[in-house]
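Hi everyone, thanks for coming. I'd like to walk you through one protein chain today, first as a whole and then at a single residue.

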Amino acid sequence: MEFTLHSYEHDPAAASYGEEAAEALGVAPERVFKTLVADVDGALTVAVVPVSGSLDLKALAAAVGGKRAAMADPAAAERATGYVRGGISPLGQRKALPTVVDSSAGRHGTVCVSAGRRGLEIELAPADLVKLTGAVTAPIARP
């Protein structure tokens, strides 16, 4: 399993962590994926979607067999994952949460996701990301 770590100087004034990462790394925003934590029928669930789009909560709920999804409370997301907002990685979370990776990831040779802190990204093959997180893939992003 091959991967590359990329670090950059995080700007606390950046409006979007993901777009900042894409720009700093010189990578197309559709190849940089943000990690979001949602509450699906009372269970925390991780969604990994391109920073160029947004999460479709109904599609996320459907992907895990749920009925309703809403964004999780940021403090609950931080407690469950062990990471701070803007640095939540789909990898190495404190508690293994159900994970869904947007199916668009498969269109790229590699994708970048947070490596656990603001200013640090890990680039890896989408199939490796899915395998490492035990994720399912589904079309959960909106442009």
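Let's begin with the overall fold and then turn to one threonine.

A quick word on where this comes from: this is a predicted model, in which local features need pLDDT of at least 70 and side-chain atom pairs count only at pLDDT 80 or more, while totals for chains, interfaces and linings use all residues. Residues are numbered from 1 along each chain as its sequence is written, and side-chain values use heavy atoms, with hydrogens and water left out.

The protein chain has four helices and ten strands; these are DSSP runs, with helices being H or I of at least four residues and strands E of at least two, numbered from the N terminus. In sequence order, the pattern reads β-α-β-β-β-α-β-α-β-β-β-α-β-β. The radius of gyration is 14 Å, close to the 15 Å from the globule rule for 143 residues, so the chain is as compact as a globular protein of that length. That radius is taken over C-alpha atoms, and the rule is 2.2 Å times the number of residues to the power 0.38.

How much of the chain is buried? Buried residues, meaning those under 20% relative accessible area (1.4 Å probe, protein chains only), make up 46% of the 143.

Now to our threonine. Thr45 sits in strand β3, residues 43-50, and counts as buried because its relative accessibility is 2%. Leaving aside neighbours within four places in sequence, Thr45 is in contact (heavy atoms within 4.5 Å) with residues including Leu36, Leu60, Val64 and Pro98. A polar atom of the Thr45 side chain also lies 3.3 Å from the backbone oxygen of Ala43.

Definitions and conventions. Buried means under 20% relative accessible area, exposed over 50%, partly exposed in between (1.4 Å probe, protein chains only). A polar contact is a pair of N or O atoms within 3.5 Å; within protein, one must be able to donate a hydrogen and the other to accept it, and residues adjacent in sequence count only if both atoms are side-chain atoms.
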